[in-house]
Amino acid sequence: MKIKYNIIPKDDVITCKESYSVGQALDVLEKSGFRCVPVLSDDGKHFKGNVYAQDVYKALLYGEIDKQAPLETLLADRDVHLQESASFFRIFKNIRRYPYIAVTDQENVFTGILTHGNVMSILEDSWGIESGNLTFTVSTHEYQGALSGIMTTVKKYSSIHSLMTLDTDSTFFRRVIVTLPASTGREKLDSLLQDLESNGYRVFDVEEM
(Lines give C-alpha, C1' and ligand atoms only; values in the text may rest on other atoms or scores of the structure.)
Protein backbone atom coordinates (compact mmCIF):
# COMPACT_ATOMS: atom_id res chain seq x y z
CA MET A 1 0.00 0.00 0.00
CA LYS A 2 1.43 3.35 -1.06
CA ILE A 3 1.23 6.54 1.00
CA LYS A 4 0.02 8.60 -1.98
CA TYR A 5 -3.43 7.00 -1.94
CA ASN A 6 -4.18 8.03 1.65
CA ILE A 7 -2.93 11.59 2.06
CA ILE A 8 -4.75 14.88 2.54
CA PRO A 9 -3.89 16.60 -0.78
CA LYS A 10 -1.92 19.82 -0.84
CA ASP A 11 -4.90 21.96 -1.92
CA ASP A 12 -6.74 20.96 1.27
CA VAL A 13 -3.81 21.64 3.61
CA ILE A 14 -3.40 24.97 5.41
CA THR A 15 0.22 26.11 5.04
CA CYS A 16 2.58 29.02 5.60
CA LYS A 17 5.15 30.39 3.17
CA GLU A 18 8.81 30.48 4.15
CA SER A 19 8.93 34.26 3.61
CA TYR A 20 6.25 34.85 6.25
CA SER A 21 7.07 36.71 9.41
CA VAL A 22 6.47 35.09 12.79
CA GLY A 23 3.40 37.29 13.17
CA GLN A 24 1.93 36.14 9.86
CA ALA A 25 2.50 32.51 10.78
CA LEU A 26 0.86 33.08 14.16
CA ASP A 27 -2.22 34.49 12.41
CA VAL A 28 -2.46 31.34 10.28
CA LEU A 29 -2.08 29.08 13.31
CA GLU A 30 -4.69 30.93 15.36
CA LYS A 31 -7.24 31.12 12.54
CA SER A 32 -6.84 27.45 11.70
CA GLY A 33 -6.82 26.24 15.30
CA PHE A 34 -4.04 23.77 14.46
CA ARG A 35 -1.05 23.35 16.72
CA CYS A 36 1.24 22.92 13.72
CA VAL A 37 1.16 23.64 9.97
CA PRO A 38 3.59 22.91 7.13
CA VAL A 39 5.82 25.67 5.79
CA LEU A 40 6.40 25.68 2.04
CA SER A 41 8.69 27.56 -0.33
CA ASP A 42 7.14 30.74 -1.71
CA ASP A 43 6.24 29.00 -4.96
CA GLY A 44 4.34 26.40 -2.92
CA LYS A 45 6.35 23.50 -4.28
CA HIS A 46 8.82 22.45 -1.61
CA PHE A 47 8.41 21.46 2.05
CA LYS A 48 10.65 23.56 4.30
CA GLY A 49 9.56 22.34 7.73
CA ASN A 50 6.80 22.80 10.27
CA VAL A 51 5.89 25.69 12.53
CA TYR A 52 4.37 24.92 15.95
CA ALA A 53 2.11 27.32 17.80
CA GLN A 54 3.80 26.34 21.06
CA ASP A 55 7.21 27.35 19.71
CA VAL A 56 5.87 30.71 18.52
CA TYR A 57 4.15 31.53 21.82
CA LYS A 58 7.18 30.48 23.85
CA ALA A 59 9.62 32.52 21.78
CA LEU A 60 7.39 35.61 21.97
CA LEU A 61 6.78 35.19 25.71
CA TYR A 62 10.47 35.03 26.54
CA GLY A 63 11.36 37.85 24.16
CA GLU A 64 13.54 35.65 21.99
CA ILE A 65 11.93 37.10 18.85
CA ASP A 66 9.26 39.60 17.85
CA LYS A 67 6.41 39.24 15.39
CA GLN A 68 8.45 40.87 12.63
CA ALA A 69 11.17 38.21 12.81
CA PRO A 70 11.46 35.83 9.83
CA LEU A 71 9.57 32.60 10.24
CA GLU A 72 12.67 30.64 9.27
CA THR A 73 14.04 31.12 12.78
CA LEU A 74 11.30 28.85 14.18
CA LEU A 75 11.15 26.13 11.54
CA ALA A 76 11.17 22.58 12.89
CA ASP A 77 11.12 19.06 11.40
CA ARG A 78 12.88 20.16 8.21
CA ASP A 79 13.78 16.60 7.29
CA VAL A 80 10.58 14.91 8.47
CA HIS A 81 8.88 13.89 5.23
CA LEU A 82 8.40 10.82 3.06
CA GLN A 83 7.96 10.27 -0.64
CA GLU A 84 4.44 9.35 -1.74
CA SER A 85 5.76 6.19 -3.38
CA ALA A 86 6.92 4.87 0.01
CA SER A 87 5.16 1.94 1.63
CA PHE A 88 2.43 2.82 4.12
CA PHE A 89 4.18 0.75 6.77
CA ARG A 90 7.20 3.07 6.79
CA ILE A 91 5.25 5.83 8.49
CA PHE A 92 4.73 4.08 11.83
CA LYS A 93 8.15 4.98 13.25
CA ASN A 94 7.49 8.69 12.70
CA ILE A 95 3.74 9.22 12.96
CA ARG A 96 3.78 8.68 16.73
CA ARG A 97 6.19 11.58 17.21
CA TYR A 98 4.61 14.16 14.92
CA PRO A 99 1.09 15.49 14.25
CA TYR A 100 1.45 14.47 10.60
CA ILE A 101 4.05 13.49 8.03
CA ALA A 102 4.68 15.76 5.04
CA VAL A 103 4.57 13.88 1.73
CA THR A 104 6.50 14.69 -1.45
CA ASP A 105 6.67 13.24 -4.95
CA GLN A 106 9.76 11.87 -6.69
CA GLU A 107 10.87 15.41 -7.54
CA ASN A 108 10.52 16.45 -3.89
CA VAL A 109 7.45 18.57 -4.63
CA PHE A 110 5.06 18.76 -1.67
CA THR A 111 1.86 16.84 -2.40
CA GLY A 112 0.10 16.73 0.99
CA ILE A 113 0.22 15.29 4.49
CA LEU A 114 -0.52 11.98 6.16
CA THR A 115 -2.20 12.45 9.54
CA HIS A 116 -3.00 10.24 12.52
CA GLY A 117 -6.60 10.33 11.30
CA ASN A 118 -5.57 8.95 7.89
CA VAL A 119 -3.74 6.08 9.55
CA MET A 120 -6.67 5.24 11.82
CA SER A 121 -9.09 5.29 8.87
CA ILE A 122 -6.92 2.79 7.01
CA LEU A 123 -6.78 0.48 10.03
CA GLU A 124 -10.53 0.79 10.61
CA ASP A 125 -11.18 -0.09 6.98
CA SER A 126 -8.86 -3.09 7.13
CA TRP A 127 -10.70 -4.38 10.21
CA GLY A 128 -14.11 -3.74 8.68
CA ILE A 129 -15.29 -1.63 11.59
CA GLU A 130 -17.77 0.36 9.51
CA SER A 131 -19.16 -2.63 7.61
CA GLY A 132 -20.21 -4.63 10.67
CA ASN A 133 -17.88 -7.57 10.23
CA LEU A 134 -17.08 -10.36 12.70
CA THR A 135 -13.76 -10.53 14.48
CA PHE A 136 -12.05 -12.82 16.95
CA THR A 137 -8.60 -13.40 18.39
CA VAL A 138 -6.79 -16.72 18.36
CA SER A 139 -3.89 -17.53 20.67
CA THR A 140 -1.46 -20.22 19.58
CA HIS A 141 1.93 -21.56 20.57
CA GLU A 142 4.59 -20.37 18.15
CA TYR A 143 5.59 -23.14 15.80
CA GLN A 144 6.08 -23.56 12.09
CA GLY A 145 2.72 -23.95 10.36
CA ALA A 146 0.60 -22.51 13.19
CA LEU A 147 -0.66 -19.57 11.13
CA SER A 148 -1.26 -21.79 8.12
CA GLY A 149 -3.34 -24.11 10.31
CA ILE A 150 -5.55 -21.25 11.48
CA MET A 151 -6.12 -20.00 7.93
CA THR A 152 -6.91 -23.49 6.64
CA THR A 153 -9.53 -23.97 9.33
CA VAL A 154 -11.10 -20.55 8.79
CA LYS A 155 -11.35 -21.04 5.02
CA LYS A 156 -13.51 -24.13 5.59
CA TYR A 157 -16.26 -21.80 6.81
CA SER A 158 -15.62 -18.32 5.41
CA SER A 159 -13.48 -16.02 3.36
CA ILE A 160 -11.06 -13.84 5.34
CA HIS A 161 -11.60 -10.08 5.37
CA SER A 162 -8.31 -9.38 7.14
CA LEU A 163 -5.74 -11.04 9.37
CA MET A 164 -3.24 -9.48 11.74
CA THR A 165 -0.61 -11.14 13.92
CA LEU A 166 0.58 -9.76 17.26
CA ASP A 167 3.47 -10.71 19.57
CA THR A 168 5.84 -11.11 16.61
CA ASP A 169 8.84 -10.87 18.95
CA SER A 170 7.65 -13.76 21.11
CA THR A 171 9.22 -17.17 20.68
CA PHE A 172 6.50 -18.94 22.70
CA PHE A 173 3.06 -17.79 21.60
CA ARG A 174 1.31 -15.48 19.18
CA ARG A 175 -2.08 -13.82 18.94
CA VAL A 176 -3.85 -13.66 15.61
CA ILE A 177 -6.75 -11.28 14.97
CA VAL A 178 -9.07 -12.58 12.26
CA THR A 179 -11.82 -10.50 10.66
CA LEU A 180 -14.57 -12.19 8.64
CA PRO A 181 -17.24 -10.63 6.41
CA ALA A 182 -20.61 -10.12 8.09
CA SER A 183 -22.15 -12.51 5.52
CA THR A 184 -20.42 -15.39 7.33
CA GLY A 185 -23.18 -15.37 9.91
CA ARG A 186 -23.16 -16.32 13.57
CA GLU A 187 -23.95 -20.01 13.01
CA LYS A 188 -20.92 -20.56 10.79
CA LEU A 189 -18.79 -18.48 13.14
CA ASP A 190 -19.73 -20.67 16.10
CA SER A 191 -18.86 -23.81 14.13
CA LEU A 192 -15.57 -22.28 13.09
CA LEU A 193 -14.62 -21.35 16.64
CA GLN A 194 -15.43 -24.85 17.88
CA ASP A 195 -13.27 -26.30 15.11
CA LEU A 196 -10.34 -24.05 16.04
CA GLU A 197 -10.56 -24.94 19.73
CA SER A 198 -10.81 -28.67 18.97
CA ASN A 199 -7.50 -28.29 17.14
CA GLY A 200 -5.79 -26.79 20.18
CA TYR A 201 -6.21 -23.07 19.49
CA ARG A 202 -7.56 -20.76 22.17
CA VAL A 203 -10.22 -18.34 20.90
CA PHE A 204 -11.23 -15.16 22.74
CA ASP A 205 -12.45 -11.59 22.17
CA VAL A 206 -15.22 -12.60 19.76
CA GLU A 207 -17.03 -9.47 18.56
CA GLU A 208 -19.56 -8.25 16.03
CA MET A 209 -18.34 -4.84 14.85
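I call a residue buried under 20% relative accessible area, exposed over 50%, and partly exposed in between, with a 1.4 Å probe and protein chains only. This is a predicted model, so local features need pLDDT of at least 70 and side-chain atom pairs count only at pLDDT 80 or more, while totals for chains, interfaces and linings use all residues. Residues are numbered from 1 along each chain as its sequence is written, and side-chain values use heavy atoms, with hydrogens and water left out.

Salt bridges, then: a side-chain nitrogen of Lys or Arg within 4 Å of a carboxyl oxygen of Asp or Glu. The whole structure has 3. In one of them, Asp195 pairs with Lys156, with the closest N and O atoms 2.7 Å apart. Asp195 is buried at 12%, whereas Lys156 is exposed at 56%.

Arg186, Asp190 and Glu208 form a network. Arg186 is partly exposed at 39%, Asp190 is partly exposed at 33%, and Glu208 is exposed at 55%.

Now the cores, meaning sets of buried Ala, Val, Leu, Ile, Met, Phe, Trp, Tyr and Cys residues joined through side-chain atoms within 4.5 Å. The largest has 23 residues, and Ile3, Ile101 and Phe110 are among those with the most contacts inside it. A second, separate core of 17 residues includes Val28 and Leu71.
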